[in-house]
Amino acid sequence: MAKKTIDHAFTATSLTSSASDPTFAGALSFMRRRFTKDLTGADAVVWGIPFDAATSNRPGTRFGPQAIRRASAIFDNDPQYPFNRDLFAEMAVIDYGDCLLDYGNHHETPKAIEQQARTIVDSGAFMLTLGGDHFVTWPILKAHAAKHGPLALVQFDAHQDTWFDDNKRIDHGSFVARAARDGIIDPDRSIQIGIRTHAPEDFGIHILYGHLLEDMSAGDIASTIISHTRGAPSYLTFDIDCLDPAFAPGTGTPVSGGPSSAKILSVLQRLHQLDIRGADVVEVSPPYDHADITAIAGATVAMYMLGLHAERRASASHG
């Protein structure tokens, strides 16, 4: 016990140190990373946006960041599967806490998210965001595009989110259309995976519908994503309803016929060639979850996103 600590999120002496908290105790930051608003020395930043006023069906995703952080405590200090490495041995990761929002002034929400996101993005750190409903990706994309230019959007989702809006609506079903119209994303290099609904417009974005995934291997899906983005700076957004409700019941607009968590995690594992500039996991709604099934899936997807970034950093340092 002499070398063990508790509440690693506050007691850590280094941004690259491992935690020894038991899974059932301690401060619940994402994977026990240090809670801090100091971006100095951070290679990657985990940030929550507890917002769900844009939902068109069941609310509750404002509790998503808390649930994902809680579920991430199951990851112990062994090398993280399937990356076979301590993700934090050479990559300094902090938990930046949550976005500051005024729940009574939703018209100010997009600007608040974008401004706070820009602070993180401009620091040079990789930003992993925990939602929140999928509207939050719109101001996040703006913050990334301001630094990197138009991005290839890699979207895991049951919905296209390309419905029309007037650029004023707070709506989680139209952010992709807005990003395409405004030149924030490059539709020709963007791809949507797992779609199981129809929208009036696709803006030329390539779609791998849910039924197609059933006949494709994880390797084929990953190869399609990599070849379609063609090396462009990419943003990876993961709506948890991409997964079948059997694997993610805790979400606002579940759609049957989706892929398993095992298959999609196998796809994510193979995306190390993508030039991912930022990422998010959204639409985890704990009020509709059971036994943290959805939160665990969301936390695992988020961990894979950090794993991909760690692999890319390691490859660059050895290249």
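Contact is taken here as heavy atoms within 4.5 Å. The structure is a predicted model, in which local features need pLDDT of at least 70, side-chain atom pairs count only at pLDDT 80 or more, and totals for chains, interfaces and linings use all residues. Residues are numbered from 1 along each chain as its sequence is written, and side-chain values use heavy atoms, with hydrogens and water left out.

An unreviewed UniProt entry annotates His134, Asp157, His159, Asp161, Asp239 and Asp241 as "binding site"; such annotations may be inferred rather than shown by experiment, and positions follow the numbering used here, with feature names shortened. These residues span 108 residues in sequence, yet no two of their C-alpha atoms are more than 12.4 Å apart, so they gather at one spot.

Asp241 lies in the loop between β8 (233–239) and α8 (261–269), where helices (H or I, at least four residues) and strands (E, at least two) are DSSP runs numbered from the N terminus. Its neighbours within four places in sequence aside, Asp241 is in contact with Asp157, Ala158, His159, Arg196, Thr251 and Thr253. The side chains of Asp241 and His159 are joined by a polar contact of 3.2 Å (a pair of N or O atoms within 3.5 Å; within protein, one must be able to donate a hydrogen and the other to accept it, and residues adjacent in sequence count only if both atoms are side-chain atoms). Asp241 has 3% relative accessibility and therefore counts as buried (under 20% relative accessible area, with exposed over 50% and partly exposed in between; 1.4 Å probe, protein chains only).

Asp161, in the loop between β5 (152–156) and α5 (175–181), is also buried, at 6% relative accessibility. Its side chain makes a polar contact of 3.4 Å with the side chain of His134.
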